[in-house]
Amino acid sequence: MGETTTQQQTALSYARHMDGQFPDDLLGQLRIPAVRDLAWVLLSPGLLDAQNLPVRHPLTASEWSTQPHQLHDWLLRQEHDSSHLHAWLAEGSNRRLGRYYERLWQFALCQAPGVELLTANLPIRENGHTLGELDLVVRDGQGTHHLELAIKLYLGPQQTAGCDPQNWLGPGSQDRLGLKLQHLRQHQLPLSASPQARTALIGISEDDVQANLWMAGYLFYPWPTHCAAPLGSNPQHLSGQWLHHRDWPAFYSEHGTGHWQPLPRSAWLAKARLDNSQIWDNVQLTEWLAALSEEAPAQLMVRLERTSAGDWLEAERIFLVNDQWPQLATATSAIRERG
């Protein structure tokens, strides 16, 4: 049985509600980075709406969606004792951001009431050749679902139409939102309906499998210009800005309140929360900026403001790209592929 548009929109409304009213209070109580990331994964709004793709929040049929206090209490228990979470994450050998995101979802779905995680990262093969993998197969009160997960960060165009998803690039400029959506429609989502997938699912589930997706992340708009949001994006998506290195002085003069510093890739999910010992001073920031090469990859930076508790919380995030981006990043990627 397929999901109705109302059901899909309900899933998005759940994520928007949880992100807009519940998590701010919750995140104020969470300080362990992995637990903050876990809360972000479960509560942040998706990047996409449900008009053209089968978007479904993985917790749609869980009691956590109808009784959010249960989720609140569960997350606070992870903050009190994060040993199981850290042990689970340590089992994942791949440190890519996408795998980290998936591992956080797997940890939660193994414990979410009303949801049974049947398998994760299930390879689908034909004659020894891997056709792809199913990120998640879960069973809940609405059926059995093949769920594709993605964490994405895309930068909008300065001169071309922002409404076209093809014009939104990943920080390295190899990835495009339009290409990702095309790959989802033509390959990833239909994969679970293939004969090869049905064979792989023998012994795991005999039910009809509904294919859905959940994509989270951020859209970064150009500065000082602006662009429209891509068609198909969730109006409540998380966002930031991006700018070329040459525009940093002008940007900083307008957004200099607080402390700016880069974030490592492993910290790109939840809003950064740092203590005094982790905060850069202006000298460190100036030296870091001066040391960036002309070919430096895109750098995610955050503006931090001091809280009443005495630590520092992210108030704004940007991507700082080299002055030749995206042309230089595209050329570098092409050279690597030829090599």
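These exercises work through confidence, helix packing and a strand pair in a predicted model.

Residues are numbered from 1 along each chain as its sequence is written, and side-chain values use heavy atoms, with hydrogens and water left out. Local features need pLDDT of at least 70, side-chain atom pairs count only at pLDDT 80 or more, and totals for chains, interfaces and linings use all residues.

**Exercise 1.** Find what pLDDT the protein averages, and which stretches fall below 50.

Solution. 
- Step 1: Recall that pLDDT is the predictor's confidence in each residue, from 0 to 100.
- Step 2: The protein averages 89, and 88% of the residues score at least 70.
- Step 3: Residues 1-22 have a pLDDT below 50; beyond near neighbours in sequence, this stretch has 47 contacts (heavy atoms within 4.5 Å) in the model.
- Step 4: Residues 331-339 also lie below 50, with two contacts beyond near neighbours in sequence.
- Step 5: Where pLDDT is low, the predicted coordinates should not be read in detail.

**Exercise 2.** Describe how helix 3 packs against helix 5.

Solution. 
- Step 1: Locate the helices (DSSP runs of H or I, at least four residues, numbered from the N terminus). Helix 3 covers residues 33-43 and helix 5 covers residues 68-80.
- Step 2: Take the angle between their axes (lines fitted to C-alpha atoms over the stretch in contact; angles run from 0 to 180 degrees between N-to-C directions). The angle is about 160°, and the axes are 9 Å apart.
- Step 3: Helix 3 and helix 5 are therefore roughly antiparallel (over 145 degrees).
- Step 4: List the contact. Val35, Leu38, Ala39, Leu42 and Leu43 in helix 3 meet Leu71, Trp74, Leu75, Gln78 and Glu79 in helix 5.
- Step 5: Sort by class: eight nonpolar (Ala, Val, Leu, Ile, Met, Phe, Trp, Tyr, Cys and Pro), one charged (Asp, Glu, Lys and Arg) and one polar (the others, Gly among them).

**Exercise 3.** Describe how helix 6 meets helix 7.

Solution. 
- Step 1: The axes of helix 6 (residues 83-90) and helix 7 (residues 97-109) come within 10 Å and cross at roughly 135°.
- Step 2: In helix 6, His84, Leu85, Trp88 and Leu89 touch Tyr100, Arg103, Leu104, Gln106 and Phe107 of helix 7.
- Step 3: By class, this contact has six nonpolar, two polar and one charged residues.

**Exercise 4.** State how strand 1 and strand 2 pair.

Solution. 
- Step 1: Strands are DSSP runs of E, at least two residues. Strand 1 covers residues 115-126 and strand 2 residues 129-140.
- Step 2: They pair (at least two DSSP bridges) in the antiparallel sense, over ten bridges.
- Step 3: Val115 stands opposite Asp140 in strand 2.
- Step 4: The two strands form a hairpin with two residues between them, and Asn127 in the turn has a positive phi of about 50°.

Technical notes. Angles under 35 degrees count as roughly parallel, over 145 as roughly antiparallel, 65 to 115 as roughly perpendicular and the rest as oblique.
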